[in-house]
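Subject: Structure for you to look at

Hello,

Here is the structure I promised you. Please open it first, then read my notes beside it.

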Amino acid sequence: MDMMKKFSKGLLGFGFLLIVLGLGACGRTESTGEEPYEVGILLSAEHSALTSAQEGFIEELEANNFIDGENININILNSQGSSGNLHDMAQQLANDSDLMLGISTSAAQSLAAVDEETPILFTATTDPEGAGLVESVEAPGGNVTGTSDMVPFEEQIDLLISIVPESERVGIIFNSSEPNSQVQADLASQAIEASGREAVIMTVTSTNDVQQVAERLASEVDAIYIPTDNTLSSAATTVGDIAIEHQIPIVAGSIDHTAEGGLATYGIDYHSLGKQTGKMAVEILEKGTEPADLPVETAEKLDLFVNEEMAEALGIDPSSIQIEE
């Protein structure tokens with residue numbers, strides 16, 4: 001009898017061991033979903049537009065019951081403008097993540113360069129096809145997709161001209177090493193020239209150049225256009241102060257930039273763009289949708305934004321700034 005009991009206990013113990021080993025071998029998609037997803041976020045710089053996109057992304061995940069510290073773990077890395085750190089940070093995230101988000105073109109490119117399998121989303125990226133992130137915006141074709149921040153540059157230039165109708169020379173300032181900014185600056189320049197005005201283009205290479213170049217530009221033009229540019233966004237208040245000193249209006253590519261150092265824009269709310277990207281993440285995490293099957297999206301929401309404090313400093317009635325229908 002004792003021997004039979006021992007034999008029965010042995011069988012039970014062996015069976016339990018097999019169950020434990022079997023459960024341990026199952027991946028998340030085959031289990032009950034208890035294991036948290038690992039979500040990595042990579043930013044290339046510290047400024048309000050990129051941070052707003054990050055916050056919107058996380059808020060949208062939370063709205064769909066993906067809660068950091070519960071059923072997902074979010075790891076955020078920021079290279080603080082150092083391109084040299086991006087690759088190492090991207091590799092660090094790729095080692096541990098089930099889904100990654102690159103906020104800016106350079107951040108997304110760094111992630112894509114180190115991982116061709118893990119789903120990667122991007123936002124605050126103007127020309128993802130030109131940047132080599134996707135085969136096309138309609139059919140991304142790989143493990144990368146996301147949201148583009150291409151701005152309505154024609155409407156923005158029209159807005160600027162309506163504020164200063166007598167303008168003859170319109171300045172454009174951006175970082176020459178940012179491909180996104182170059183694309184927008186070229187398009188804006190064409191729109192300015194088409195209006196019969198001269199486009200005066202000046203570029204910077206870092207935030208250290210901004211004050212000197214902006215001072216020179218402001219002394220030569222009647223108005224300034226600034227595309228969505230990480231370097232200029234980081235120095236928005238500096239350029240804004242120069243604009244006040246020279247009594248020159250600035251139309252910037254994004255609402256976030258305009259709030260810190262511009263007069264007006266018809267543009268993107270990066271918080272909303274981040275939420276839009278978050279919806280794509282939910283589609284991937286909940287339904288297992290492949291990035292290749294999710295077309296690149298552009299901003300669903302565009303708003304006219306007027307910085308009333310800047311308007312007052314320039315002696316302009318905020319209510320006079322309108323988008324022509």
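Two residues are in contact when heavy atoms of theirs lie within 4.5 Å. Keep that in mind for the first number. Among contacts in the chain with a separation of 6 or more, 70% join residues 24 or more positions apart. One caution: this is a predicted model.

**Overall**

The chain has 325 residues, and 49% of them count as buried. It has 12 helices and 12 strands. Its accessible surface comes to about 15400 Å². Carbon and sulfur atoms account for 48% of that surface.

**The cores**

In soluble globular proteins, nonpolar side chains tend to be buried together. Look for that here. The largest nonpolar core has 54 residues. Which of them touch the most other members? They are Phe-57, Leu-61 and Tyr-225. Helix H11 (residues 270–287) gives this core its largest share, seven residues.

Now click on Phe-57. Leave aside its neighbours within four places in sequence. Its contacts then include Val-39, Ile-41, Leu-99, Leu-101 and Leu-121. Gly-274, Lys-275, Thr-277, Gly-278 and Ala-281 are also in contact with Phe-57.

**Strand E3**

Next, find strand E3 (residues 99–103). Five of its five residues are buried. In a regular strand the side chains alternate between the two faces of the sheet. In E3, Leu-99, Leu-101 and Ile-103 point one way. Met-100 and Gly-102 point the other way.

How many bridges link E3 to strand E1 (residues 37–43)? There are five, and the two strands pair in the parallel sense. Val-39 has Leu-99 in E3 as its bridge partner. E3 also pairs with strand E4 (residues 120–125), in the parallel sense, over four bridges. There, Leu-101 stands opposite Leu-121 in E4. The chain gets from E3 to E4 through helix H4 (residues 105–114), and this β-α-β crossover is right-handed.

**Asn-307**

Last stop: the loop between strand E12 (302–306) and helix H12 (308–314), where Asn-307 lies. Is Asn-307 buried or exposed? Buried means under 20% relative accessible area. Asn-307 has 10% relative accessibility, so it counts as buried. Its side chain reaches the backbone nitrogen of Glu-309 at 3.2 Å. Beyond its neighbours within four places in sequence, Asn-307 is in contact with Thr-258, Ala-259, Glu-260, Gly-262 and Leu-263.

Best wishes

Definitions and conventions: Residues numbered from 1 in each chain as written. Predicted model: local features only at pLDDT ≥ 70, side-chain atom pairs only at ≥ 80, totals over all residues. Heavy atoms only, no water. Buried < 20%, exposed > 50% of the residue type's maximum accessible area, 1.4 Å probe, protein only. Areas by Shrake-Rupley, 256 points an atom, 1.4 Å probe, with all protein chains shown as cover. Core = buried A, V, L, I, M, F, W, Y, C linked by side-chain atoms within 4.5 Å. Pairing = 2+ DSSP bridges. Right-handed = clockwise from strand over helix to strand, strands pointing away. Polar contact = N/O pair within 3.5 Å; in protein donor to acceptor, adjacent residues only side chain to side chain.
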